Amino acid sequence: MRTANHLLLGSFFTVATQAYEPNRLQLQVQINAHHALFKGHFPGRPVVPGVCVLAMIKDVLQQHLAKDLLLRTCTSSKFLRPIDPLLMPNLDLRIDYTRREFLLDFVASVQHQQQVLCRVAGCFQTDFL
Amino acid sequence: MSTTALFSSPGTEPAAGLPTAPCLLPAWAARPLVIAAEVEAYIPQQYPFALVDTLYHCQPGEAWAGLRVSPDNLLVQNGYLSEAGILESMAQAVALKAGYEAQDQAASPRVGFIAALKQVHLHALVPVGATLVTHVRIVLQALDVLVVRTTSGYDTTLVADGEMRLFLEPEPALDVAIKALFHADVPADHAHC
């Protein structure tokens with residue numbers, strides 16, 4: 001496992017269980033509620049930043065595909081409820097992806113006990129000059 | 001893959017013998033409204049997750065904010081501010097605008113969450129040491145929802161642009177005012193404190 005290229009995997013969150021299907025990833029991740037960024041977001045009231053969900057998806061896909069990715073487009077993402085890492089440390093992450101030339105389209109959702117917390121769709125660049 | 005391959009535009013260092021590129025920030029940027037030392041009084045996010053450090057200019061409907069990318073930033077990876085950092089900087093630019101305006105009107109700033117991102121395109125990453133400048137334009141401001149269009153860049157490079165929807169936490173003072181409207185038993189002067 002290469003960890004040098006992961007921004008959050010290992011420190012901010014860890015993968016508890018994972019299941020693969022073709023073009024689909026289903027994981028259970030555990031958020032580290034003591035990560036330094038929760039000191040600032042927000043003081044005394046930790047909330048997982050929406051952009052960190054995107055970074056988590058990137059880290060997980062990078063590790064799964066053993067490829068470097070770069071987020072190029074976020075076509076739509078909806079953060080329906082704030083994610084409190086103390087109340088919901090275990091999150092279900094489901095990522096569907098399809099290759100499209102040098103891009104990787106993805107649709108992902110984060111759930112906690114059947115409750116959808118956010119939905120994200122966008123595309124990563126997979127090949128670089 | 002080397003980090004430079006992530007980044008398709010040429011490097012920021014001018015070639016030897018060429019004059020340095022002119023600074024494209026307008027003159028008002030020389031005297032920012034909010035500087036790095038006092039920015040945490042205006043936004044709910046605090047160190048180490050404050051991803052905006054300067055408010056250059058603010059007017060009704062639009063604002064310019066900046067972030068100097070430091071190497072010890074949490075969202076810096078391989079010498080570049082990551083995509084998450086760029087997006088968060090865009091969101092906090094909106095928070096800084098709202099916080100500055102609230103301070104101007106002696107109201108407490110409201111905590112805002114990113115509710116949605118729409119058609120956000122990233123064109124480049126920001127190297128450590130550069131100043132990412134974000135332009136915020138308010139598209140729609142409702143009671144608890146804010147729709148903004150943001151464009152970010154450094155020097156002459158476009159970094160990201162897109163539409164962002166922020167959900168603002170209801171104001172406590174507004175709650176009292178609404179209760180005063182619907183329940184006559186709450187004293188009316190209570191609504192203004």
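Two strands are taken to pair if DSSP finds at least two bridges between them. By this criterion, in what is a predicted model, strand S8 (residues 145-154) of chain B is joined to strand S9 (residues 157-168) of chain B by ten bridges, and the two strands run antiparallel. Within this pair, B:Leu146 has B:Leu166 in S9(B) as its bridge partner.

These two strands belong to an open sheet of twelve strands, in which the pairing is antiparallel and the order is S1(A)-S2(A)-S4(A)-S5(A)-S6(A)-S3(A)-S5(B)-S9(B)-S8(B)-S7(B)-S2(B)-S1(B). The edges of the sheet are formed by strand S1 (13-21) of chain A and by S1 of chain B, each of which pairs on one side only. On average, and with direction ignored, neighbouring strands of this sheet are turned by 20° against each other. Helix H1(A) packs on the sheet, where it touches S1, strand S2 (24-31), S3, strand S4 (90-100), strand S5 (103-112) and strand S6 (115-125) of chain A together with S5 of chain B. The direction of H1(A) makes about 60° with that of S6(A).

The contact between the chains takes 28 residues from chain A and 30 residues from chain B. On the side of chain A that touches chain B, the elements giving two or more residues are helix H1 (50-65) and strand S3 (70-79) of chain A, and the largest share, ten residues, comes from S3(A). Sorted by class, this side of chain A has 17 nonpolar, seven polar and four charged residues. Strand S3(A) is also joined by five bridges to strand S5 (residues 112-122) of chain B, the two strands running antiparallel. In this part of the sheet, A:Lys78 stands opposite B:Ala116 in S5(B).

At the chain B end of the strand order, strand S1 (residues 54-59) of chain B and S2(B) pair in the antiparallel sense over five bridges, and B:Gln59 has B:Glu62 in S2(B) as its bridge partner. The hairpin of these two strands has two residues between them, and B:Gly61 takes a positive phi near 95° there. Strand S2(B) also pairs in the antiparallel sense with strand S7 (residues 131-141) of chain B, over seven bridges, and B:Ala63 stands opposite B:Val136 in S7(B). Because five of the seven residues of strand S2 (residues 62-68) of chain B are buried, this strand is largely enclosed by the rest of the structure.

Considered as a whole, chain B comprises two helices and nine strands, and its elements run β-β-β-β-α-β-β-β-β-β-α from the N terminus on. Of the 193 residues in chain B, 37% are buried. Among the contacts in chain B with a separation of 6 or more, 62% are accounted for by residues 24 or more positions apart. Chain B also contains an open sheet of three strands, with the order S3-S4-S6 and antiparallel pairing. In this sheet, the edge strands are strand S3 (76-77) and strand S6 (126-127) of chain B, each pairing on one side only. Two bridges join S3(B) to strand S4 (residues 80-81) of chain B in an antiparallel arrangement, with B:Tyr80 in S4(B) as the bridge partner of B:Gln77.

For chain A, UniProt places the feature "domain: ApeI dehydratase-like" at residues 21-112, in an unreviewed entry. The end C-alpha atoms of residues 21-112 of chain A lie 21 Å apart, and the span is 17% helix and 43% strand.

The peptide bond from A:His41 to A:Phe42 is cis, with omega near -10°, and A:Phe42 lies in the loop between S2 and H1 of chain A. In chain B, the peptide bond from B:Tyr47 to B:Pro48 is likewise cis, with omega near 5°, and B:Pro48 has its place in the segment before S1 of chain B. Positive phi values in residues other than glycine include that of A:Asn23, near 60°, and that of A:Glu101, near 50°. A:Asn23 is placed in the loop between S1 and S2 of chain A and counts as exposed because it has 11 C-beta neighbours inside 10 Å, the limit for an exposed residue being 12 or fewer. A:Glu101 is found in the loop between S4 and S5 of chain A and, with 7 C-beta neighbours inside 10 Å, therefore counts as exposed.

Note on methods: Residues are numbered from 1 along each chain as its sequence is written. Chains are lettered from A and ligands numbered from 1 in the order in which they are written. This is a predicted model: local features need pLDDT of at least 70, side-chain atom pairs count only at pLDDT 80 or more; totals for chains, interfaces and linings use all residues. Two residues are in contact if their C-beta atoms, placed from the backbone, lie within 7 Å. Helices (H or I, at least four residues) and strands (E, at least two) are DSSP runs, numbered from the N terminus. Ala, Val, Leu, Ile, Met, Phe, Trp, Tyr, Cys and Pro count as nonpolar, Asp, Glu, Lys and Arg as charged, and the others, Gly among them, as polar. A residue is buried if 20 or more other C-beta atoms lie within 10 Å of its own, exposed if 12 or fewer, and partly exposed in between; C-beta atoms are placed from the backbone. Axes are lines fitted to C-alpha atoms, for helices over the stretch in contact, and angles run from 0 to 180 degrees between N-to-C directions. UniProt positions are given in the numbering used here, feature names are shortened, and annotations may be inferred rather than shown by experiment.
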